[in-house]
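Have the sequence and the 3D view ready. This report walks through the model from its core to its backbone details.

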Amino acid sequence: MFHIVLYHPEIPHNTGAAGRLAVATQSRLHLIRPLGFSLEDKHVRRCGLDYWQYVDLHLWDSLEELTASAAPGANFWYLSTKAHHGIWEPSLPLNDGDYLVFGPETKGLPQSFISTHPDTALRIPMPGEHARSLNLSTSIAIVLYEGLRRTLSVGS
């Protein structure tokens with residue numbers, strides 16, 4: 001199982017879409033406070049559709065609290081447009097049980113996360129010269145399914 005971590009998410013429908021992705025992939029969704037919305041927000045539920053009740057949701061007051069509770073050996077991957085490693089590098093050890101950490105929609109992860117963890121900071125390649133970033137739920141889907149591709153057996 002992969003862990004989707006949203007650090008200070010701001011937009012409710014992106015969190016709802018992340019919840020739907022978590023259900024579809026048997027992943028766990030972790031939200032790091034503060035949230036830019038209430039989990040009762042109709043947009044969260046609308047994007048999560050009738051899947052929201054099945055989301056394996058965990059709320060945390062800090063990323064440090066989450067990392068302290070993680071299983072030994074679990075990797076934390078920090079997704080950022082400023083990272084040097086691309087998600088398709090074959091040597092990256094994306095493993096079942098790893099945590100995929102995404103920042104707030106308007107700012108991304110703090111630069112300190114990327115500088116402190118340069119070997120586990122990842123970016124999604126964007127060859128389009130005019131693109132700065134992708135929608136958060138799109139980014140989650142790309143990285144999550146790359147992790148699944150690497151860990152699931154062929155034909156699943």
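Contact means heavy atoms within 4.5 Å. Leu136 shows how this works. Leaving aside neighbours within four places in sequence, Leu136 is in contact with Leu6, Asn14, Phe102, Gly103 and Glu105. The C-alpha atoms of Leu136 and Asn14 are separated by 6.4 Å. Along the chain these two residues are 122 residues apart.

Some ground rules come next. This is a predicted model, in which local features need pLDDT of at least 70 and side-chain atom pairs count only at pLDDT 80 or more, while totals for chains, interfaces and linings use all residues. Residues are numbered from 1 along each chain as its sequence is written, and side-chain values use heavy atoms, with hydrogens and water left out.

**The cores**

Buried means under 20% relative accessible area, exposed means over 50%, and partly exposed is in between (1.4 Å probe, protein chains only). A nonpolar core is a set of buried Ala, Val, Leu, Ile, Met, Phe, Trp, Tyr and Cys residues joined through side-chain atoms within 4.5 Å. Helices (H or I, at least four residues) and strands (E, at least two) are DSSP runs, numbered from the N terminus.

The largest nonpolar core has 27 residues. Which of them touch the most other members? They are Leu6, Leu29, Leu100, Phe102 and Ile140. At least two residues of this core come from each of strand 1 (3-7), helix 1 (12-25), strand 2 (28-32), strand 4 (76-79), strand 6 (99-102) and helix 5 (136-151). Helix 5 gives the most, with five residues.

Take Ile140 as a case. Not counting residues up to four places away in sequence, Ile140 touches Ile4, Leu6, Ala18, Leu21 and Phe102.

**Two packed helices**

Two packed helices are described by the angle between their axes and the distance between the axes. Axes are lines fitted to C-alpha atoms, for helices over the stretch in contact, and angles run from 0 to 180 degrees between N-to-C directions.

The axes of helix 1 and helix 5 come within 9 Å and cross at roughly 20°. That makes helix 1 roughly parallel to helix 5. (Angles under 35 degrees count as roughly parallel, over 145 as roughly antiparallel, 65 to 115 as roughly perpendicular and the rest as oblique.) The crossing of helix 1 and helix 5 is right-handed. A crossing is right-handed if the near helix is turned clockwise from the far one by less than a right angle, and left-handed if anticlockwise.

Which residues meet here, from helix 1 and helix 5? Helix 1 brings Asn14, Ala17, Ala18, Leu21, Ala24 and Thr25. Helix 5 brings Leu136, Ser137, Ile140, Ala141, Leu144, Tyr145 and Leu148. Leu136 is buried, at 8% relative accessibility. Pro12, in helix 1, is buried too, at 12%.

**Salt bridges**

Side chains of opposite charge can pair when their charged atoms come close. A salt bridge is a side-chain nitrogen of Lys or Arg within 4 Å of a carboxyl oxygen of Asp or Glu. How many salt bridges does the structure hold? It holds five. The table lists some of them.

| Pair | Closest N to O |
|---|---|
| Arg149 and Glu146 | 2.8 Å |
| Arg150 and Glu146 | 2.7 Å |

Glu10 and Lys107 link distant parts of the chain, 97 residues apart. Glu10 sits in the loop between strand 1 and helix 1. Lys107 sits in the loop between strand 6 and helix 4 (111-116). Glu10 is partly exposed, at 22%, and Lys107 is exposed, at 59%.

Arg149 and Glu146 both lie in helix 5, three residues apart, about one turn of the helix. Arg150 and Glu146 are four residues apart in helix 5, so about one helical turn separates them. Shared partners join Glu146, Arg149 and Arg150 into one network of salt bridges. Is Glu146 buried or exposed? Glu146 is buried, at 5% relative accessibility. Arg149 is exposed, at 55%, and Arg150 is partly exposed, at 24%.

**Backbone details**

The peptide bond from Arg33 to Pro34 is cis, with omega near 5°. Pro34 is found in the loop between strand 2 and helix 2 (42-48).

His8 is not a glycine, yet it has a positive phi of about 55°. His8 lies in the loop between strand 1 and helix 1 and is partly exposed, at 24%. Gln26 is not a glycine either, and its phi is positive, about 55°. Gln26 lies in the loop between helix 1 and strand 2 and is exposed, at 68%.
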